[in-house]
Amino acid sequence: MEKPVAGKEDSKMGHMKKLGRKTSTFACRIRDHVKLSPKLSQTVKGKLRLGARIIQEGGRENIFKHIFGVTEGEELLKASQCYLSTTAGPIAGLLFISTQKVAFCSEAMVTLNSPNGDLIRIPYKVVIPVKKIKRANKRENVHKPTQKYIEIVTEDDFEFWFMGFLRYEKALENLEIAISMLNSPCKSS
């Protein structure tokens, strides 16, 4: 009977541990994402509605085009589920990062008073032209380093805070790409 090669066994164990860490990290991100919502049942309903909408519209790119429109040559780089921090609390939705804009649309409708006093239900939307972004900062909760945020500061010093990403690193990377593309010396006007 042949004895297993130590290198292969060590390699397999290392791979299993790495896979376990990735799974654990992803599970933590899902838990943190869900914890931002006031009620688990609301979160589940919202995610089901969002999933159905993504399927109905043929993908996140089509949702982006439908809600925000696109300019000639504009490309969607990333669409991420996250929360927008507001004074009323976090709002769940989709953050779209394109070569021209950063746009957010809530999963659920928000209720507002219309000018004539009626209550209306509309999605909460934010559009930030990439050219108006002064800086984008990587932030984390001092007491809970796994809770990471993206802070976007515009030229007029308005701040937008996005949090609860399932894939924080990818969203941040694509935001940095969009900003660097705009500032690239090879950019054609």
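This is a predicted model: local features need pLDDT of at least 70, side-chain atom pairs count only at pLDDT 80 or more; totals for chains, interfaces and linings use all residues.
**Ground rules.** Side-chain values use heavy atoms, with hydrogens and water left out.

**Entry 1: salt bridges.** I started with charge, since side chains of opposite charge can pair when their charged atoms come close. My cut-off for a salt bridge is a side-chain nitrogen of Lys or Arg within 4 Å of a carboxyl oxygen of Asp or Glu. How many salt bridges does this rule give? The count is six, and I looked at some of them one by one.

Lys65 and Glu61 join their side chains in a salt bridge, at 3.8 Å from N to O. They sit four residues apart in helix H3 (residues 60–68), which puts about one helical turn between them. I take helices (H or I, at least four residues) and strands (E, at least two) as DSSP runs, numbered from the N terminus. An α-helix has 3.6 residues a turn, so residues three or four places apart point the same way. For accessibility I call a residue buried under 20% relative accessible area, exposed over 50%, and partly exposed in between (1.4 Å probe, protein chains only). Lys65 is partly exposed at 40%, and Glu61 is partly exposed at 42%.

Next I checked Glu151 and Arg139, whose closest N and O atoms are 3.1 Å apart in a salt bridge. Glu151 is in strand E6 (residues 148–154) and Arg139 in strand E5 (residues 133–140), so this pair ties together parts twelve residues apart in sequence. Is Glu151 buried or exposed? Glu151 is buried, at 4% relative accessibility, while Arg139 is partly exposed at 36%.

Lys170 and Glu173 form another salt bridge, at 4.0 Å from N to O. Both belong to helix H4 (residues 168–183), three residues apart, or about one turn of the helix. Lys170 is partly exposed at 32%, and Glu173 is partly exposed at 37%.

**Entry 2: Asn174.** I stayed in helix H4, where Asn174 also lies. Asn174 is buried, with a relative accessible area of 11%. Its side chain reaches the backbone oxygen of Lys170 at 2.8 Å. What does Asn174 touch, leaving aside its neighbours within four places in sequence? I found Leu77, Lys78 and Ile97 in contact with it, where contact means heavy atoms within 4.5 Å.

**Entry 3: cysteines.** A disulfide is a covalent bond between the sulfur atoms of two cysteines. I looked for pairs of cysteine sulfur atoms within 2.5 Å, and the whole structure has zero disulfides. I noted that Cys82 is buried at 0% and Cys105 is buried at 6%.

**Entry 4: back to H3.** Which residues of H3 did I find buried? They are Ile63, Phe64, Ile67 and Phe68. Seen down the axis of H3, the buried residues fall within an arc of 100 degrees, so they line one face of the helix. That arc is taken from the directions from the helix axis to the C-beta atoms.

**Entry 5: positive phi.** Most residues other than glycine have a negative phi. Just after H3, Gly69 has a positive phi of about 70 degrees. Asp157 is not a glycine, yet its phi is positive too, at about 60 degrees. I found Asp157 in the loop between E6 and strand E7 (159–163).

How values were computed. Residues are numbered from 1 along each chain as its sequence is written. A polar contact is a pair of N or O atoms within 3.5 Å; within protein, one must be able to donate a hydrogen and the other to accept it, and residues adjacent in sequence count only if both atoms are side-chain atoms.
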